Amino acid sequence: MQQRFGRLYEAETLLSGISLFRLEVEIFVGYEDIRHGENQGRCDCMKEIRVEQEEKKRTKKRWTRDDTELSLLALPTTIWFLLFCYLPMFGIIIAFKDFRITGGFWQSFIESRWCGFENFVFLFTSDAIKVVTRNTILYNIVFIILGIVVPVTLALMIGQLHNKRAGKVYQTAMFLPYFLSWVVVSAVVWGFLSIDKGLVNQIIQSHGGEGVSWYDTPGFWPPFLIFMNMWKGLGYGMVVYLATITSIDSTYYEAAIIDGATKWQQMKYITLPLLKTVIVMMFIMSVGRIFYSDFGLFYQVPRGASSLYNVTYTIDVFVFQQLKTASTGMASAAAFVQSVLGCATILVTNAIVKKFDRENALI
Amino acid sequence: MTTKVTYQSGLEKFNRIKPGTNVLFNFIFLILAIMCVVPVLFVLMISLTSEKALENGYQFIPKEFSFEAYKFLAQQGHLIFPALGISVFVTVVGTVIGVILTTTLGYVLSRREYKLNKLLTWMVFIPMVFNGGMVSSYYINTNLLHLKDSVWALILPIAVSSFNVIICRTYFRTTIPDSVIESAKIDGASELRIYFRIVLPLSLPVLATIGLFLCFGYWNDWFQSMLYIDNQRMYSLQALLNMTMQNVEYLSKNRAFMGVEAAQLVANLPKEGSRMAIAILIILPIACAYPFFQKYFISGLTVGSVKE
């Protein structure tokens, strides 16, 4: 026994230092006690466990070599996060400054005058912010509803096709737009909608109609932008839900079929309830981004046409335009409002979901 | 076993939707699939139409086939090749840097016993909820980090995303057994060695997934160029297409206010067909590659949706 213990001791000290040796000694003593008095046995066992737990706590607190090495491994990415995520987070206070470039960033930052809420007053008294906020929120509401209903329906449908290979082909084809950038999509749309050469106008003209100047027709754009958004995101959305559907245990369905459940019932009582987690998650994430918009969709597809300002400008497009025309004040104030409101909405949505359905909350 | 299989397929047959419904569903998906693919084919056709035929408008089936547009691009080599070079460089270097940065942190976060685990998890999580926004990032990147007109402006700001880090963390946690790491430790391997020699070779699927996300992201990126690149020599293919697709009239009207270089560029602006040819140049590699890599994308999406 003594010898065995000795060897153990050696091995353990080699592994993680003297603390484990002490633990071993205590455990060893514990075992000896058990041998001596059976009544005390249980008590000693408890003591042993307690000692072990304390020991764990102590090692948990202590910084080991492993931790140093892991920190080293995490260091580059940590620096990246500090530079590209956290610096800009603190940088949003330039919304409270009359920010002017007078040299390096810190120098400009210090030399710029604090102007309190001036930028915000300026922002909220302009008509622009009302229009762009309205556009952003209305488009997003439509996107959220359609972005859940349509892909879920299609994912349910594509799983039912008799020919599975055809299903794969459809899925691959529908995934293609997701991999195109908005610049390319803009070129594609131009091919259809160009005033003099576009395919649509040619078709209209060949049927005796008059060509429409699409890029100057505000009424056309809301439905069209919604369509383009669906077109680009459909394949992705479908795949997300389809992946969850295919991971559902097939025995559920088998049992249901034997009990005589119809297709409709299977969907209603098995598939949809099991899809709920993913749907709620996608919902929270998209609601949390209700003040953000897909810049490419709203800037590239209508080609930033100012005649479409009322229907295509969203907060992001507005901020970008302001930034590029060198009016930092409004841009930084708008970006500040966007960041803060965005953060608030995601937390509130999550809290609401949590209240009704703890399991499905994101955080 | 065989009986079970036949039984199951029998059940499946019994559970099938009606033939009529099947035809209807197939029809719907066929329409959707065509709607997704045909516009791209249309652009291809425009790029293959002769400039003369294009004057009458874009046609689905070209009246006159020609490689004129591509020849024109080749002639404009000083415009196209640097852009292609920038695109390829950004995609390759960006993907490598991004994968390294993402997986190292993902791995560290997957180690439960690491002391700073909680802190770093919060560090990754907070940017998903709150961010500095376009304006402040712009000033930090241009004035503090001096990335304006540098190729690194196209690479660094989008190298890491919290979402990718979390995909990695979840993957490492679920697929790499603790015992493997422990045994390596007992054999005296350092953490760095464990990561490079054991964890990475075991994690090729997640590396492929993250690599693909990044690769497509970099290849398709035009926004970084639009914000940070003013120098035309640093334009990527996307930026070049973006510029030529921007209102050409506006550019030529304002020629007087532009630098000599830009004015020259406008003079050489690719014609109708050539613009579409640039688009095809961008689409082609993606369209050829994605059907084969789809499954890695899908696996990434599903890993990301696992909540702990």
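**Figure 1. The contact between chain A and chain B.** The contact draws on 109 residues of chain A and 105 residues of chain B; contact here means heavy atoms within 4.5 Å. This is a predicted model, in which local features need pLDDT of at least 70, side-chain atom pairs count only at pLDDT 80 or more, and totals for chains, interfaces and linings use all residues. Side-chain values use heavy atoms, with hydrogens and water left out; residues are numbered from 1 along each chain as its sequence is written, and chains are lettered from A in the order in which they are written. About 9500 Å² is buried between the two chains, and carbon and sulfur atoms give 74% of that area. Buried area is the accessible area (1.4 Å probe) that two parts lose on being put together, summed over both. A:L73, A:H162 and A:F179 supply 8% of what chain A buries against chain B, more than any other three residues.

**Figure 2. Polar contacts across the interface.** Between chain A and chain B, 26 residue pairs are in polar contact, both residues at pLDDT 80 or more. A polar contact is a pair of N or O atoms within 3.5 Å; within protein, one must be able to donate a hydrogen and the other to accept it, and residues adjacent in sequence count only if both atoms are side-chain atoms. Helix α4 (residues 65–91) of chain A gives the most to the side of chain A that touches chain B, with 21 residues. Helices (H or I, at least four residues) and strands (E, at least two) are DSSP runs, numbered from the N terminus. That side of chain A divides into 70 nonpolar, 26 polar and 13 charged residues. Ala, Val, Leu, Ile, Met, Phe, Trp, Tyr, Cys and Pro count as nonpolar, Asp, Glu, Lys and Arg as charged, and the others, Gly among them, as polar.

**Figure 3. Salt bridges between the chains.** The interface of chain A and chain B holds 2 salt bridges. The rule asks for a side-chain nitrogen of Lys or Arg within 4 Å of a carboxyl oxygen of Asp or Glu. In one, A:D67 pairs with B:K115, with the closest N and O atoms 2.7 Å apart. B:K185 and A:D66 also form a salt bridge, at 3.1 Å from N to O. B:K185 lies in helix α10 (residues 178–186) of chain B and A:D66 in helix α4 of chain A, so this pair joins two chains. B:K185 is partly exposed at 25% relative accessibility. A:D66 is partly exposed too, with a relative accessible area of 25%. Buried means under 20% relative accessible area, exposed over 50%, and partly exposed in between (1.4 Å probe, protein chains only). A:D66, B:R111, B:E113, B:K185 and B:E191 are linked in a network of salt bridges.

Figure 4. A:K130 bridges to A:D127, with the closest N and O atoms 3.9 Å apart. Both residues lie in helix α7 (residues 127–158), 3 residues apart, about one turn of the helix. A:D127 is exposed, at 57% relative accessibility.

**Figure 5. A salt bridge between loops of chain B.** B:D230 and B:K148 form a salt bridge, their closest N and O atoms 3.4 Å apart. The pair links distant parts of the chain, 82 residues apart. B:D230 is partly exposed at 43% relative accessibility. B:K148 is partly exposed at 28%.

**Figure 6. The surroundings of A:N229.** A:N229 sits in helix α11 (residues 221–246) of chain A. A:N229 is buried, with a relative accessible area of 18%. Leaving out residues up to four places away in sequence, A:N229 touches A:F143 and A:L297.
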